[in-house]
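Hi everyone, thanks for coming along. Let me put the structure up, and then we can walk through it together.

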Amino acid sequence: MTLGPKDEAAGEGAAGYTVGPMLAGPECCTPEPVIGVRGLAVSYAGVPALKHVDLDIYKGCVTALIGPSGCGKSTFLSSLNRLTDLVAGCRVAGRIEVDGVDIHGPDVDVQALRRKVGMIFQKPNPFPLSIHRNLDMPLREHGVRSRDERESRIRAALSDVGLWEEVADRLDEPALSLSGGQQQRLCIARALVLQPSILLMDEPCSALDPLSAETVEKMIVGLRGRYTVVVVTHNLAQARRIANFAAFFWVRDRAGALIEFDTCQRLFEAPAHDLTAAYVTGRSG
Amino acid sequence: MTSLRISSLFPRTPDGYIAFGLGAAACLASGILLLILIFVFGEAWPALRTIGVVRFLSDGAWYPTDGAFGLVPMLAASFALAAGALTIAAPVGVAVAIFRLHYAPGWMKAPYRGLVLLLAGTPSVVLGLWGLMVLVPLIARIEPPGASLIAGILVLALMIVPTVAIASEAALESVPRSCWSAANALGLGREAALLNVVLPAAREGIAGGILLAGARALGETMVVLMITGNIVQMPDGLFTPVRALTSNIALEMAYATGDHRASLFVSGLALTLLVFLLSFAAGTGRRRRHA
């Protein structure tokens, strides 16, 4: 099975920053589904936002969700960690399995789910606390008692996002004093520190300047293999650079729908669907 | 080059006229405040000159017509009243804000806010009436005479809870929504997010509100005049009748003359400076937060 078009990019990306011990693991992704979505439909206050989505997300791969604005990509993403629960009037139907467990099941611990399925938002959202506390507090809240363990995980996470060198001597400064790109990497570190297996990213680079965006993008490539990454992006070139798989969403009957899912290369170079072809070549959307 | 001429600050455009109007109103308001300060200082000056600051602090008692000008018992009473009221009102006010924003069911939020605003708008003399007719007799049953430090503390606390609550709400609401999403996405529960993220982020705004409420308690006259007993003595217990600086001015101004009158202005000046200091501290807290 062909994976993404640029598997060698992982090597390139890794050269730019330190990979911490936490990231040690297999480089490549395995075509083994870790998230299974069947018949997913999401509506807000009765208005459907997403209909009939069936999709498998493969372990250790980067899956890009592409499509025009308002086609339900972000809704799809936030239904995977049940962040949709927090939206008043939002109803989710269908089945989502993470590691074979139905996340809407009666005994599912949502907090444990969100610990396993980390999320990065479009706009960097570090807590208005010190850099150190941004990482330390979630660990403590998730019951990591040992100070030594917390410190080593914080260091590893910061190294993984290439931030350790930059902030090691000012961990007690406010996180909001960092640059936008650094803040976004801190947010990724904050997700990594909880040792999730899946990372959801909602346009993680689009609020950043081009240089920071490149750094974050390389970092995402570096995560490939060790984490399952689902990333929403409007930047098709970026999707081609970083993703193994791509899913194309489009608005159909006034609700978002999944049109096509394939390896990134095939979706861009030999799309099966006319809508996909029109979108990836820039003729629509 | 930036010109320093006034005309360039207010160009002749619609915006310029509005800016000029607003600037003039602001100058007028602060100008009047300055004039009041100057007036109070001017009236206090004879006492400051002939009696001296030291004696206001060192004289043991307050018999202004017999040459004893000790303000310390009343200063202490004012502080005890304000501090006691804050001790109760600060946690309650913050709790009120947190409850309304994060725990109250949807239908309750608006009426609850109305209630807080109503309490904020209740004239202090009305609170004083209630204190006098209801609270003081209750306290008198525990330990007479009833009109006491604790009566003042309780009613003042009731009076300043809305100040703390409204300021805390504003501070809590200004914590960006994205912080909540981030906390939720990290699997933090509501309490963890509140304690670890939202409250620390709103800390300085809340502290500002508490200082402001303290200033209000310190400056309140009517309530303390009505229910604290007005006996000039050191507040050595919760059930001791005391007289605050503010009530002292209100009680004696009508008949005071000479040094007596001037020394009332000295206590007014001292109060004003204290309240300014508190408000200033509250303001710096907020500015730092927004820096």
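Let me start with a question: does A:Phe248 count as buried or exposed? A:Phe248 counts as buried, because its relative accessibility is 0%. Buried here means under 20% relative accessible area, exposed means over 50%, and partly exposed is in between, with a 1.4 Å probe and protein chains only.

A word on the ground rules. This is a predicted model, where local features need pLDDT of at least 70 and side-chain atom pairs count only at pLDDT 80 or more, while totals for chains, interfaces and linings use all residues. Residues are numbered from 1 along each chain as its sequence is written, chains are lettered from A and ligands numbered from 1 in the order in which they are written, and side-chain values use heavy atoms, with hydrogens and water left out.

Now the two chains. Chain A comes to eleven helices and ten strands; these are DSSP runs, with helices (H or I) of at least four residues and strands (E) of at least two, numbered from the N terminus. Of its 285 residues, 56% count as buried. Chain B has twelve helices and two strands, in the order α-α-α-β-β-α-α-α-α-α-α-α-α-α along the sequence. In chain B, 44% of the 291 residues are buried, and its C-alpha atoms fill a box of roughly 70 × 65 × 30 Å along the principal axes.

What about contacts, meaning heavy atoms within 4.5 Å? Taking those between residues at least 6 apart in sequence, 70% in chain A join residues at least 24 apart. For chain B, the corresponding figure is 72%.

On to the aromatics. A search of the whole structure finds twelve aromatic pairs over all chains. Rings of Phe, Tyr and Trp (its six-membered ring) pair if their centres lie within 6.5 Å; planes under 30 degrees apart are stacked, over 60 edge-to-face, and the rest tilted. One of the pairs is A:Tyr58 with A:Phe245, which is tilted, at 4.9 Å centre to centre and 40° between the planes. A:Tyr58 lies in strand E2 (residues 47–58) and A:Phe245 in strand E9 (residues 245–252) of chain A, so this pair ties together parts 187 residues apart in sequence. Both A:Tyr58 and A:Phe245 are buried.

Our opening residue has a partner too: A:Phe248 and A:Tyr279 form a tilted pair, 5.0 Å between centres and 35° between planes.

A:Asp202 is found in strand E7 (residues 198–202) of chain A. Among the residues A:Asp202 touches, not counting those up to four places away in sequence, are A:Ser74, A:Leu77 and A:Val232.

Finally, some backbone details. A:Glu203 is not a glycine, yet has a positive phi of about 45°; A:Glu203 is in the loop between E7 and helix H8 (210–223) of chain A. A:Gln195, also not a glycine, has a positive phi of about 55° and lies in the loop between helix H7 (180–192) and E7 of chain A. Over in chain B, a cis peptide bond joins B:Pro144 and B:Pro145, with omega about 10°. B:Pro145 lies in the loop between helix H6 (124–142) and helix H7 (149–173) of chain B.

That's my tour, so over to you!

Note on methods
Contact = heavy atoms within 4.5 Å.
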